[in-house]
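Work through the exercises below with the sequence and the structure at hand. Each task is followed by a solution in steps.

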Amino acid sequence: MTKVIGLTGGIGSGKTTIANYFATMRVPVYIADDAAKKVMQSKSITEQIKTTFGDSLFENEILNRAKLAEIVFNNADKLAALNSIVHPAVKNDFELWLLDNKNSEYVIYEAAILFESGRYKECDVIITVTAAEEIRIERVIKRDNTTREQVLSRMKMQWNDEKRISLSNFVINNSNLKIAKEEVVKILKILNIKQKPS
C-alpha cells in the first residue's frame, strides 16, 4: 500500500521548493494549494463561496482570490468557514490522485496547513520545512508583492515551527537550499526510497 509523506511548513519556508526537489527524485508530489485553486473553480464550490462570503468577491463569475485572502487571513472564523468548503473537495481530489499513483511506494502530500486541517493524522511520515523568520518574511514579500504586516498576519494564522516539529518525523531547514537538498537525500535513504533523479 502506498505510504503518504506529509510535507508542511510555515508560509515562506520554501516547502513547495522542497516538494519539487522530491519530484525530481521521481517521488510523486501532490500540492494541496494547487488542488485548492483548481477545485475553487468548480461550480459547486463557487456557489458555496458565494453563499458564505457574498457575490462581491466575483467579477464576471471569476473569484477574486486576492480579495478572499484579505478577508480570511484577517479573520480566523472566516478562514475556518472557507476551509470547511474547500478541504473536503481537496481530500476527494487527493484520493483520486492517489489511485493514479497506487504503484508508488511513497507519495508526497504538500500542504501549508497539514496540522491545522487535521490531515496529518492520515500521513505515514511527516516532514516539516523550516527557515529563519526574516528569510521567510522576505521571501513572501518578494513572491506575493505584499507587506511585512500582511505576512506576519498570515503567520499568526498558522501553527508555529515548535508545534509542527513536535509532531514531525523529519525536519528540513531550508534557510540554505543546498543544505536542504542534502537533507532530502538523507531522508530518501532513511526511508529506503530509491533515488531516480531526472
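The model is predicted, so local features need pLDDT of at least 70 and side-chain atom pairs count only at pLDDT 80 or more, while totals for chains, interfaces and linings use all residues. Residues are numbered from 1 along each chain as its sequence is written, and side-chain values use heavy atoms, with hydrogens and water left out.

**Exercise 1.** Determine which side chain of opposite charge is nearest to K15, and how far away it is.

Solution. K15 belongs to helix α1, residues 15-24; helices (H or I, at least four residues) and strands (E, at least two) are DSSP runs, numbered from the N terminus. K15 is buried, that is, under 20% relative accessible area with a 1.4 Å probe and protein chains only, where exposed is over 50% and partly exposed lies in between. The nearest side chain of opposite charge is E110, 5.4 Å away. Lys and Arg count as positive and Asp and Glu as negative, with His and the chain ends not counted. A salt bridge needs a side-chain nitrogen of Lys or Arg within 4 Å of a carboxyl oxygen of Asp or Glu, and K15 has none. Step 3: list the surroundings. Beyond its neighbours within four places in sequence, K15 has contacts (heavy atoms within 4.5 Å) that include L7, E110 and V129.

**Exercise 2.** Find which residues of helix α3 are buried, and what they pack against.

Solution. Step 1: α3 spans residues 43-53, and its buried residues are I45, T46, I49, K50 and F53. Step 2: these cover an arc of only 140° around the axis, which puts them on the same side of α3; the arc is that of the directions from the helix axis to the C-beta atoms. Step 3: the face turned away from this side carries the exposed K43 and T51. Step 4: the packing partners of the buried residues are α2 (32-39), β3 (58-59), β4 (62-63), α4 (65-72) and α5 (76-100). Step 5: just after α3, G54 has a positive phi of about 95°.

**Exercise 3.** Trace how β1 is joined to β5 and β6.

Solution. Step 1: strand β1 (residues 3-9) is largely enclosed by the rest of the structure, because six of its seven residues are buried. Step 2: β1 runs parallel to β5 (residues 106-110), with five bridges; two strands pair if DSSP finds at least two bridges between them. Here L7 stands opposite E110. Step 3: β1 and β6 are also parallel, joined by five bridges, with G6 opposite I126.
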